[in-house]
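Me: Please go through the structure shown below with me, by question and answer.

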Amino acid sequence: MTADTRRILVIGIGAGDPDHLTLAAVKAMRRADVFFVIGKGEEKSGLTDLRRDMLDEHVPGPYRVVEAEDPWRDRTPQDRSRYASAVDDWRRRRADVYERLIREELAPGEHGAFLVWGDPSLYDSTLAILDDIRGRDTVAFEHEVIPGVSSVSALAARHRIPLNQVGRPVHITPARHLADRVGEGPAETLPDDGDVVVMLDAHQTFTRFTGGDLWIYWGAYLGTPDELLVCGPVSEVADRILEVRAEARARHGWIMDTYLLRHHG
Ligand SMILES: C[S@@+](CC[C@H](N)C(=O)[O-])C[C@H]1O[C@@H](n2cnc3c(N)ncnc32)[C@H](O)[C@@H]1O
């Protein structure tokens with residue numbers, strides 16, 4: 001690495017609570033010359049505001065903010081292979097945007113930062129996209145990752161539970177994968193090979209599990225003033241979650257929720 005190498009900082013900023021920003025994240029933010037902010041559209045502008053507030057509070061400056069629009073992504077319901085190719089296609093176009101930002105907006109020797117929601121290692125495309133750009137050999141850069149508090153850690157903390165039961169595994173899955181695993185229609189319960197954290201659930205997959213031994217620890221807008229928490233046996237609280245979730249989603253125009261499904265034998 002030489003003095004004129006472009007450097008990218010991928011900084012986890014926590015999943016909603018500004019106090020979850022780590023000291024390492026603040027130090028990294030202060031090293032950045034440029035912050036790249038990828039817009040997610042009107043409905044999630046609150047998330048962009050949160051990033052701006054963090055910069056105002058922790059970075060004395062001077063720094064630049066460069067905004068870019070997130071490329072359009074086909075979100076129409078699809079089978080597994082069409083879904084994978086829609087995601088691939090969107091990632092490629094996102095990589096085009098990131099590549100242009102690094103090449104045109106970051107001078108050799110400067111530090112550019114991506115402020116990543118939660119932890120960059122968990123269901124976030126930034127690291128894969130940077131690898132893709134490196135493979136293109138069009139712009140040289142080094143990158144560094146600063147971990148953040150994930151929504152999964154925030155969920156466990158707010159419900160005051162450990163993620164795993166003693167000596168047992170815990171799985172983290174996108175809802176789509178869980179739904180594929182249990183197939184069509186209601187399922188009595190999950191195979192008891194550990195507890196399951198479910199993310200990215202647009203279809204309330206938990207309602208498929210009707211058996212009495214499965215508990216849900218559900219959280220939405222974790223760490224924000226709008227936070228919602230519900231827990232109990234799925235068979236007893238599923239309707240309440242559906243109601244609370246629908247009302248909150250209508251009011252805010254968007255929702256992010258995560259939950260743990262736990263066998264209480
Ligand atoms: C693209 S993933 C990003 C995950 C993020 N990297 C992390 O570490 O939490 C988005 C999913 O994370 C979860 N999520 C992120 N922030 C959340 C929050 N504040 N409250 C509840 N769930 C959240 C939701 O399941 C959402 O669908």
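Me: What is the mean pLDDT of the protein chain, and where is confidence lowest and highest?

Reply: This is a predicted model, in which local features need pLDDT of at least 70 and side-chain atom pairs count only at pLDDT 80 or more, while totals for chains, interfaces and linings use all residues. Residues are numbered from 1 along each chain as its sequence is written. pLDDT is the predictor's confidence in each residue, from 0 to 100, and helices (H or I, at least four residues) and strands (E, at least two) are DSSP runs numbered from the N terminus. In the protein chain 94% of the residues reach 70 or more, with a mean of 90; confidence is lowest in helix 2 (residues 45-58), at a mean of 83, and highest in helix 5 (residues 151-159), at 98.

Me: In what order do the strands of the parallel open sheet lie?

Reply: Two strands pair if DSSP finds at least two bridges between them. The sheet has five strands and its pairing is parallel, in the order 3-2-4-1-5. Its edges are strand 3 (64-69) and strand 5 (141-146), each pairing on one side only. From one strand to the next the twist averages 25 degrees, with axes being lines fitted to C-alpha atoms (for helices over the stretch in contact) and angles running from 0 to 180 degrees between N-to-C directions; the order asked for is 3-2-4-1-5.

Me: How many bridges join strand 1 to strand 4, and how many lie between strand 2 and strand 4?

Reply: Strand 2 (residues 34-39) runs parallel to strand 4 (residues 111-116), and F36 stands opposite F114 in strand 4. On strand 1 (residues 6-12), also parallel to strand 4, R7 stands opposite H111. The counts are six bridges for strand 1 with strand 4 and three for strand 2 with strand 4.

Me: Why is strand 4 largely enclosed by the rest of the structure?

Reply: A residue is buried if 20 or more other C-beta atoms lie within 10 Å of its own, exposed if 12 or fewer, and partly exposed in between, with C-beta atoms placed from the backbone. In a regular strand the side chains alternate between the two faces of the sheet. Here H111, A113 and L115 point one way from strand 4, and G112, F114 and V116 the other way. Strand 4 is largely enclosed because six of its six residues are buried.

Me: Which strands form the edges of the mixed open sheet?

Reply: This sheet of five strands has the order 6-7-10-8-9, with mixed pairing. Its twist averages 15 degrees from one strand to the next. Strands that pair on one side only are the edges, namely strand 6 (170-174) and strand 9 (228-233).

Me: How many residues surround the ligand, and which are the closest?

Reply: A residue is near a molecule if its C-beta atom, placed from the backbone, lies within 6 Å of it. Domain 1 (6-149) and domain 2 (152-263), with bounds from an automatic or database domain assignment, each supply at least three residues of the shell, and strand 8 (214-220) and strand 10 (257-263) each supply at least two. The shell divides into ten nonpolar residues (Ala, Val, Leu, Ile, Met, Phe, Trp, Tyr, Cys and Pro), three charged (Asp, Glu, Lys and Arg) and seven polar (the others, Gly among them). In total 20 residues surround the ligand, the closest being G118, S150, S151, M199 and L222.

Me: What are the phi values of L200 and Q204?

Reply: Most residues other than glycine have a negative phi. L200 lies in the loop between strand 7 (195-199) and strand 8 and counts as partly exposed because it has 13 C-beta neighbours inside 10 Å. Q204 is placed in the loop between strand 7 and strand 8, and its 17 C-beta neighbours inside 10 Å make it partly exposed. Phi is positive in each case, near 55 degrees for L200 and about 50 degrees for Q204.

Me: How far apart in space are M29 and P169, C-alpha to C-alpha?

Reply: M29 is in helix 1 (residues 23-31) and counts as buried because it has 22 C-beta neighbours inside 10 Å. M29 and P169 are 140 residues apart in sequence, and their C-alpha separation in space is 35 Å.
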